[in-house]
Amino acid sequence: MGSPIVLGIESSCDETGAGLVRDGRLLGHAVASSMDEHARYGGVVPEIASRAHLHALRPVVRQALDRAGLGLSDIGAVAVTTGPGLSGALQVGLAGAKGIAYALGVPLFGVHHLAGHVAADTLEHGPLPDPCVVLIVSGGHTSLLLVRDLARDPISHLGDTLDDAAGECFDKVARVFGLPYPGGPAVDRAARAGDPRAVPFPRPLPGTYDFSFSGLKTAAARWAEGHAGRDLPVHDGAASLQEAVADVLTRKAVAACAEYGVGTLVVVGGVAANSRVRSLAEERCRAAGIELRVPPLRLCTDNGAMIAAVGDLLVRAGAEPAPLDVSIDPSAPLEYAALHPVAAGAAAA
């Protein structure tokens, strides 16, 4: 008999996700998004997200089970995102996960959201090479990591976001350009008809593995303001912005592989779905003799399958389950894949 089936639950932002994984294989998953409810505000509204998770959690878990041809009694462990993310949204997912785990009498594992993005690739391409360089690019995070055994070893940070992450930059500039929310896909679509060399946008922080997209965001806004009273060449602006982001991300990631003697680059997170980030990463990895791994589009954005994948790795590694009073940490740094914070009041009690 193999490992237990792990149910993963993700609710850190505006997607409610549930996934089922066993021995590294995805059995089924489902996602409900509240993005349309946030679009009118131009960004995620935490209270709306929390209420949406309350309504979506049970149906999403049921849908994932149905797609896998399984019932609740088949679940042998539960994994849930405990941070980072929106506080209320995380609380909804954790409460649901605790209820299922305790009702079934199975272990519960807290998972760091960003480790979930890393593990998402294993569902498509198998175990991660030890070591590998991982580039996480999402709405709120841009990090360059050195990863060994994801379930057992600490995660080494080579570089991180100092201010605006890549996805945040896309969202904010898209609004200035008059493009809809979410900005990343809108910029990607607009860029197809533009010239990526039309606007010489800056490449922030050369010579370091840290990331800063605040200055690029400001440069794009100033460029748009310079066209006041005239038609804004949105397609050229979008293509040039996208090129600048993709250039910075892939140049630093490939350089890190070379410096640390690592032969595999894994690119994950919502911005990994960007067409230019993917194509430039392929081009530069091919030239450098580096293997590139990118999850399929359905596993790039937030989902429960990636949380289940971490839970599955933790179970097979013999990791300790979360304590009964496990809580959330909305701003948790990424140190290990497992994240089992305990609220200060609970710890004192």
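1. The model is predicted. Because seven of the nine residues of H7 are buried, the helix is largely enclosed by the rest of the structure.

2. How do H6 and H7 meet? Their axes are 7 Å apart and the helices pack at an angle of about 65°. Angles of 65 to 115 degrees count as roughly perpendicular, and H6 and H7 are therefore described as roughly perpendicular to each other. The crossing of H6 past H7 is left-handed.

3. The contact between these two helices can be listed by residue. On the H6 side are Phe-170, Asp-171 and Ala-174, and they meet Gly-183, Gly-184 and Val-187 of H7.

4. Turning to the aromatic side chains, a search of the whole structure gives three aromatic pairs. One of them is Phe-177 with Trp-223: the ring centres are 5.6 Å apart and the planes stand at 65°, so the pair is edge-to-face. The cut-off for that class is over 60 degrees. Phe-177 belongs to the loop between helix H6 (166–176) and helix H7 (183–191), while Trp-223 belongs to helix H8 (residues 214–225), so this pair ties together parts 46 residues apart in sequence.

5. Are the two partners buried or exposed? Phe-177 has a relative accessible area of 5% and is buried. Trp-223, with a relative accessible area of 16%, is buried as well. The limit for calling a residue buried is under 20%.

6. Trp-223 has a further ring partner in Phe-201, and this pair is edge-to-face too, with 6.1 Å from centre to centre and 85° between the planes. Phe-201 sits in the loop between H7 and H8 and Trp-223 in helix H8, so the pair ties together parts 22 residues apart in sequence. Phe-201 is buried, as is Trp-223.

7. Taken together, ring pairs link Phe-177, Phe-201 and Trp-223 into a cluster. Its members come from the loop between H6 and H7 and from helix H8, and from the loop between H7 and H8.

8. Lys-252 lies over the face of Phe-211, at 5.2 Å from the ring centre.

How values were computed
Residues are numbered from 1 along each chain as its sequence is written. This is a predicted model: local features need pLDDT of at least 70, side-chain atom pairs count only at pLDDT 80 or more; totals for chains, interfaces and linings use all residues. Side-chain values use heavy atoms; hydrogens and water are left out. Rings of Phe, Tyr and Trp (its six-membered ring) pair if their centres lie within 6.5 Å; planes under 30 degrees apart count as stacked, over 60 as edge-to-face and the rest as tilted. Helices (H or I, at least four residues) and strands (E, at least two) are DSSP runs, numbered from the N terminus. Buried means under 20% relative accessible area, exposed over 50%, partly exposed in between (1.4 Å probe, protein chains only). A charge sits over a ring if NZ of Lys or CZ of Arg is within 6 Å of the ring centre and within 35 degrees of the ring normal. Axes are lines fitted to C-alpha atoms, for helices over the stretch in contact, and angles run from 0 to 180 degrees between N-to-C directions. Angles under 35 degrees count as roughly parallel, over 145 as roughly antiparallel, 65 to 115 as roughly perpendicular and the rest as oblique. A crossing is left-handed if the near helix is turned anticlockwise from the far one by less than a right angle, and right-handed if clockwise. Contact means heavy atoms within 4.5 Å.
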